[in-house]
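Hi there,

Here is the structure I promised to pass on to you. Have a look at it first, and then read on for my notes on what turned up.

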Amino acid sequence: MSTLFISDLHLDVQRPDITAALLRLLEGEAREAEALYILGDLFEAWVGDDDPGEPGATVAAALRSLSDSGVPVFLLRGNRDFLLGQAFAERANANLLPDPCVIDLYGEATLLMHGDLLCTGDSAYQAFRRQVRDHDWQEKFLAQPLAARQAFAAQARAASRAHQAGLADAGAMDSIADVTPDAVIETMARFGVRRLIHGHTHRPAIHALEVDGRAATRVVLGDWHAQGSILRVDRDGLALSSLPLTC
């Protein structure tokens, strides 16, 4: 049996193929797993747990079915679904985790993150992140009518696309939108770990590095835009692979 990790599915009604691929995983391989961890950006946008729309309702039911079968489900919030709350977690029978957090993974202390905190070179994004993660900001935002929150989310997605296009035009996408190596090492050293698993950058890979003079590993989960991405970890090691989005 293995523990499964996924992230950056960006589920949206415009991409039913991604939702279908996730449902196949939840109804298939995940039923034999020890646990499932979703490390942020499960949804393309999330404006509050009171939104009754799709694909949120279907995914919550599918996660609950998996959890009820005996496979625990753990969720981190991402930069797109940072408003996921306890009400959704209860509907999904899932456990919300803080970002970052450390788990014991087959005897190895492993740091889990969405990954956006490691992109310290993107100062504009980090300022936005501090604003929208503020408790008072979230409280005021969630008090607005659902339609107003949905409009804000649409504007935020457009602004994000424009920001990324600007970075690409300036030739700075690779250096600013990716993690900062010093931030990775500092964070791993601060938590005293030799293994880090994260998503966010959409650059799936397993990196070898050195932290405090010791060999360490950073695993980056891929996004689910053109294909799925899954990390399987068991007592013998880990394997990062892709999943088809079509049957």
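**Strands, rings and charges**

R195 stands opposite T217 in strand 9. Before going further, please keep in mind that this is a predicted model.

Which strands does strand 7 pair with? One partner is strand 6 (residues 108-112), joined to strand 7 in the parallel sense over three bridges. Within that pairing, L111 has L196 of strand 7 as its bridge partner. Another partner is strand 9 (residues 214-220), again in the parallel sense, this time over four bridges.

Now for the aromatic rings. How many aromatic pairs does the structure hold? There are nine. One of them is formed by F43 and F88, an edge-to-face pair with 5.7 Å from centre to centre and 90 degrees between the planes. F43 sits in the loop between strand 2 (35-39) and helix 2 (56-68), while F88 sits in helix 3 (residues 86-92), so this pair ties together parts that are 45 residues apart in sequence. Both F43 and F88 are buried.

F88 also pairs with W46. Their ring centres are 5.1 Å apart and the planes make an angle of 70 degrees; planes over 60 degrees apart count as edge-to-face, so this pair is edge-to-face too. W46 is in the loop between strand 2 and helix 2, and F88 is in helix 3, so the contact ties together parts that are 42 residues apart in sequence. Is W46 buried or exposed? With a relative accessible area of 9%, W46 is buried, because buried means under 20%. F88 has a relative accessible area of 1% and is buried as well.

Elsewhere, ring pairs link F82, W137, F141 and F152 into a cluster.

Last come the charges. Side chains of opposite charge can pair when their charged atoms come close. The structure holds nine salt bridges, and here are some of them:

- R64 and D68 meet through their side chains, at 3.8 Å from N to O. Both lie in helix 2, four residues apart, which is about one turn of the helix. R64 is partly exposed, with a relative accessible area of 31%, whereas D68 counts as exposed at 52%.
- D99 forms a salt bridge with R129, and their closest N and O atoms are 4.0 Å apart. This pair links distant parts of the chain, with D99 in the loop between strand 4 (95-96) and strand 5 (101-105) and R129 in helix 4 (residues 123-132), 30 residues apart. R129 is buried, with a relative accessible area of 11%.
- D178 and R203 meet at 3.7 Å, N to O. D178 is in the loop between helix 7 (173-176) and helix 8 (181-191), and R203 is in the loop between strand 7 and strand 8 (205-211), so distant parts of the chain, 25 residues apart, are linked. R203 is partly exposed, at 27% relative accessible area.

Salt bridges that share partners also join D99, D116 and R129 into one network.

Enjoy exploring it!

Best wishes

Definitions and conventions: Residues are numbered from 1 along each chain as its sequence is written. This is a predicted model: local features need pLDDT of at least 70, side-chain atom pairs count only at pLDDT 80 or more; totals for chains, interfaces and linings use all residues. Side-chain values use heavy atoms; hydrogens and water are left out. Rings of Phe, Tyr and Trp (its six-membered ring) pair if their centres lie within 6.5 Å; planes under 30 degrees apart count as stacked, over 60 as edge-to-face and the rest as tilted. Helices (H or I, at least four residues) and strands (E, at least two) are DSSP runs, numbered from the N terminus. Buried means under 20% relative accessible area, exposed over 50%, partly exposed in between (1.4 Å probe, protein chains only). Two strands pair if DSSP finds at least two bridges between them.
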